[in-house]
Amino acid sequence: MSFSEPTVAFIGCGNMGGAILHGVLDAAFTNESKSEHTRPVSKFIACTKTAASADRLRASIPAEQQPHVEVISSQAVPVEVMKSADIVMLGFKPFMAEDVLRAKGVEEALAGKLVISLLAGQTPQNLARIIHEGALDSTGDDVPDSSHSVVAPIIVKAIPNMGAQFRQSVTIIETPEHAIPTHMTQVVEWIFKQVGEIKYLPPSQMDLGSVLVGAALAAMTVPIEGILDGCVAEGLKRSDAMEMMLGGLRGLSAALESGIHPAVLRESISSPRGCTIQALLTLEKAGSRADYAEAIINGTQHLKKANK
């Protein structure tokens, strides 16, 4: 295998893995894409747990992109897929890390390879420990400093969000504890730049960053849905309300990106005796701002506990 045009294997290609795969394919593997010589990746293997999910994923890939993707399913840990790939992306649920990475043959299959972890709440160090301990278990050797010696994989943690499918993700990448080869860094950045923006964070901020780019976006759908409910109660069709809401959100995003502070923005559109200040006072009386702050704190603390 040559790292000049590597194969990327998704071990777990559900909602998030599928969003990244679709985003990268749409960005770089369509007839309108740039020359294939600008792509550092040549092929993808998408491994799902069930045949039904594999069929759904396969059917969602346009015909022009299908030659670049092999979709398979495996109830067992797909060690052979890991062996055949140059880069392995871990896209299964974080709680499954022990079951997947302790399987026999995983350490050898991942030896010296670039492993991109999408697992919130799992540090690269913890994943490396699980992989190595699994290998020791399979040999019956429980001595940590035994003669068992395999080149460790290079694990990079990256947390995107569901905007990846629409090439609008913000992906946070953990600053590596030790320097990694330049060609590996370039591939990681290329993959996630195809689906949006990237931002490096130190390990101490990755849990908070994971909540901010992922859970916080989900939390934002709660007030949006509440606003739509209010519109329907006042006589507006939900579809019409959503259309206007989306336009407003685009305007809000543009204003905030220009550097306007949220408080200044609220003040600028709050007229004396107006409807805006009445709406804002209702939210302040309900303590909504504190609830959202607590939601971010609780989500972050949950991930920190998972890392211990």
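Start where the two domains meet: between domain 1 and domain 2 there is one residue pair in polar contact, with both residues at pLDDT 80 or more. A polar contact here is a pair of N or O atoms within 3.5 Å; within protein, one must be able to donate a hydrogen and the other to accept it, and residues adjacent in sequence count only if both atoms are side-chain atoms. Look for salt bridges across that boundary and the count is zero; the term means a side-chain nitrogen of Lys or Arg within 4 Å of a carboxyl oxygen of Asp or Glu. On the side of domain 1 that touches domain 2, the residues split into five nonpolar, four polar and no charged. In that scheme Ala, Val, Leu, Ile, Met, Phe, Trp, Tyr, Cys and Pro are nonpolar, Asp, Glu, Lys and Arg are charged, and the others, Gly among them, are polar.

Before clicking on, a note: this is a predicted model, where local features need pLDDT of at least 70, side-chain atom pairs count only at pLDDT 80 or more, and totals for chains, interfaces and linings use all residues. Residues are numbered from 1 along each chain as its sequence is written, and side-chain values use heavy atoms, with hydrogens and water left out.

Now colour 7–201 as domain 1 and 210–307 as domain 2 (bounds from an automatic or database domain assignment). Their centres, taken over C-alpha atoms, are 34 Å apart. Nine residues of domain 1 contact six of domain 2, contact meaning heavy atoms within 4.5 Å. Together the domains bury about 610 Å², 60% of it from carbon and sulfur atoms (accessible area, 1.4 Å probe, lost when the two parts are put together, summed over both). Show G121, N161 and I172: they supply 56% of the area domain 1 buries against domain 2, more than any other three residues.

Next, select 204–304, which an unreviewed UniProt entry labels "domain: Pyrroline-5-carboxylate reductase dimerisation". This stretch is 83% helix and 0% strand, with its end C-alpha atoms 10 Å apart.

Last stop: one of the structure's nine salt bridges. D55 pairs with R58, closest N and O atoms 2.9 Å apart. Both lie in helix α2 (residues 51–59), three residues apart, about one turn of the helix. Helices (H or I, at least four residues) and strands (E, at least two) are DSSP runs, numbered from the N terminus.

Notes: UniProt positions renumbered as here; feature names shortened; annotations may be inferred.
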